[in-house]
Amino acid sequence: MHVLIYLFLLLFVAKSVVETAKLNHPRVLLPIFQHKSINFTLEVVDPNCYKWTSSRQDLISVTPVYNGFSECASQAVVTVQTRERRRNTAIVFAEELATGATLRCDVIVDTIDRLNVRTATRQLYLEEAPATFELHAFDSQGNEFFTLEGIEFNWEISSSSNSMPPALRFLTFSDSPFHVVPPALERFEASGVKGYMILLEGINTGTSKVAVSMPQHEYRDVPPIEVYISVLANIIIEPSEVTILAGDNINFRILQLKMDKLHDITDNRQYYLEMEDTEIAYLKSNSATGSRLGRTQIFLRDHNMPQQDNNTVDKPKGPSALLTVAEPQKLGISLLPHSNWITVKGERHEVALDLYAGDGQKITLGTRYNIGSELDETLFGILKKTRNGSRLYGEALKEGVTQVYGSYKELSVQAELHIYDELRLQPQMVILPYDPNTLKAQKLQFLASGGDGNYAWFSGNPQVLQIDGQGLATTEIRDIRLPGGAGAQELYEAGSLLTAHTTVRVALSKNQKVARQAQIYFLPPHKLEIKRYNFETALKDYVNLHVAVYTHVNGSYMPYTKCDNLHFQLDFQHQILQLENNAADVTTTAPEACHVLRLRATAVGSTSLRITYNFQDKLLQDTVDLHVFDPLSVLNPLENELVLPIGASRNIIYAHGPQRIFTLDAELTKAIDFNAKLIQVSEIEFDTQNAITAFNVLCRSLGETEFTYRVHNTLGALNFEAYNAQVTTKVHCVRPRFLKLYARQQLRSSCPVELRSSLLYLRDNENKFDIEIEVQDAKNRKLMNISSLHLEWEFAAG
């Protein structure tokens, strides 16, 4: 029972191996040579361990191909051994050693009867990659031999005419930048012998004959194979398709693609144009004139190519153009290049007036016919106009609306051109910081002006920057990473690499081809600097620090446009100021500054502030000294207002405010502002250490004015910004109007005398009493000094 099961499994396995394994070729046809043995490799598709044998050792030999030291071979080389020039057949067996399953291949040997050349094209172009030509051989029954490897052939190139130079040349595979040398031809190329496959390259326009023959003596009766190969210049006719009016003409150009550029070779005598139907149109040099309605072709001819009367060679098909002669049925108008009649000042356009045939084909107008046009040239200035009037080249000069008219015989057309103010976009270039550790999004407002006021906004890369319908952009670059690799950091240091780049484009909603574009670059920071600041401020007032951060671009420092998303570290020597989040109150920033730090003074004193920003392993920083003082105030008069008669004066005393700073190279600067026609002012010098300043104000003539006192410290530093402390006092120089007298002695409250008058007092022991005088102006304001007034006293007995 076990033996039966084993035999069943063995038969099943053997059947499976036979079904899955097979040779790469079940039948092979190989050529016979007198002095050459042809090799061909057989291979089992499903590799295993096989034993290889031949049924006719006199015809062929089989050599297994072993891998390393293994005794198993899934490949074998079949070599033709016979020299007898007649058809014979041998069988190659491949026996699988484990199962005994056998594969077979019939190997037929025969002589070559004829040759053929196989190629993808028989037309080559100058300056194109060389083409591969491969030789194939057949027996007398038309069966193709499987291989011609290792066989030498004679390849010859000859011109189709004795007066023409050869159009082709042979090129080795090793000399071609487009090819790799086939392994079967490596030995032939090294010895300068040609095998079954070659490369041909076009060197001149024309046709050459390529003949292939067998140099072996036993195959002297095999006829050579001849192939005619045409070499054409890479040429086009422009225009390739055109429609004209009867009697009108069109000039054709001959363009050649050479060194990846088009060159005009119309004047080259080697080429000429030929009209297919001369009744529809005729040619004069490169100019075609329409004779009657119809359609014809124009061919490009080459003097180096064989002519039509040469029956040995077919004339190769060259470039051609299609010419149609038609009548106009419609007149069209458009504003190029956008085909939109809405534009802005400064834009240059082309007003195109075109005739169309009945099938909708546009007619190219020559110089014989003319199209009329009319428009307001004060709005759209004409810079250039074609002779036939079909094109008006001009520029939009100013805002307005103009009608554009066109006419040709009984055909007419009209359009309305709208011109708006020039479209502008600010800013045009933006540099923003890149920091993968900063997750805060940054907002940037783009401003557009001009046009009709309706805009469409677009982002060049929405993954990096998004923009809304009002031009407010939001940037997020957290997903961007620096590329790795040695040298990448050095390139960023030198400013040679961009971390990210995108664009913002604003366009007119009604014509989105009229647009302006801003460039946005994301780059890592390299330097921090405080561009402007007021180094002193009053208590409860602010210090504004304008911070600039720079990146490195092409060897120079470029400032960021905005850096509000960066986090700056502030370190105070003495905590007398605190950061507040109302930097938006600062409407303008210093040149090159990208952010403003607004610090509120909380105590009087001096401190040193260091601002730092950490980027990867870099510490960017800058340091400033700051000072806080008590606010400038009026110590006297308390009401901060003077009322004086002509010739009288009064002192104004100020306290606190900016003081001389001896630790800095600062200069205290004072300034006063007043009307010198009304008042006279002089400063009073004090020999005191107190922060007091006083001025004597003298009224010279009647009137009202303001006296302003300003004081600040100045520094020689370029980033200095003065903090101006000032106080303004009203000065009234008036006429005296009312006089009041008051006695200084006061009646005791127990006095029984009824108080009827302010001058009713009891006489003292010295028989004297004091009277106080108060003088007021017409507005009942008390005069603060009446020393300039002359008072007359008169006493009457009561």
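Contact here means heavy atoms within 4.5 Å. This is a predicted model, in which local features need pLDDT of at least 70 and side-chain atom pairs count only at pLDDT 80 or more, while totals for chains, interfaces and linings use all residues. Residues are numbered from 1 along each chain as its sequence is written, and side-chain values use heavy atoms, with hydrogens and water left out.

**View 1. Tryptophan 52 and the nonpolar cores.** Tryptophan 52 touches Leu23, Leu42, Val44, Val62, Pro64, Ala73, Ser74, Gln75, Ala76, Val92, Phe93 and Ala94, not counting residues up to four places away in sequence. Trp52 and Phe153 have the most contacts inside the largest nonpolar core, which has 82 residues. A nonpolar core is a set of buried Ala, Val, Leu, Ile, Met, Phe, Trp, Tyr and Cys residues joined through side-chain atoms within 4.5 Å. E7 gives this core its largest share, five residues. A second, separate core of 51 residues includes Leu425, Leu570, Val624 and Val628. In soluble globular proteins, nonpolar side chains tend to be buried together.

**View 2. Aspartate 110 in strand E7.** Strand E7 covers residues 102-110 and contains aspartate 110. Helices (H or I, at least four residues) and strands (E, at least two) are DSSP runs, numbered from the N terminus. Aspartate 110 counts as buried because its relative accessibility is 7%; buried means under 20% relative accessible area, exposed over 50%, and partly exposed in between (1.4 Å probe, protein chains only). Among the residues that aspartate 110 touches are Arg86, Arg87, Asp139, Phe145 and Tyr219.

**View 3. Strand E51 and its partners E50 and E44.** Two strands pair if DSSP finds at least two bridges between them. Strand E50 (residues 605-615) runs antiparallel to E51, and eleven bridges join them. Serine 608 has aspartate 625 in E51 as its bridge partner. E50 and E51 form a hairpin with two residues between them, and glutamine 616 in the turn has a positive phi of about 55°. Strand E44 (residues 536-538) pairs with E51 (residues 618-629) in the parallel sense over three bridges. The bridge partner of glutamate 536 in E51 is histidine 627.

**View 4. An open sheet of four strands.** The strand order is E52-E54-E57-E56, with antiparallel pairing. Strand E52 (633-636) and strand E56 (679-684) are the edge strands, each pairing on one side only. From one strand to the next, the twist averages 30°, where axes are lines fitted to C-alpha atoms, for helices over the stretch in contact, and angles run from 0 to 180 degrees between N-to-C directions. Three bridges link E52 and strand E54 (residues 649-655) in the antiparallel sense. Valine 634 stands opposite tyrosine 654 in E54.
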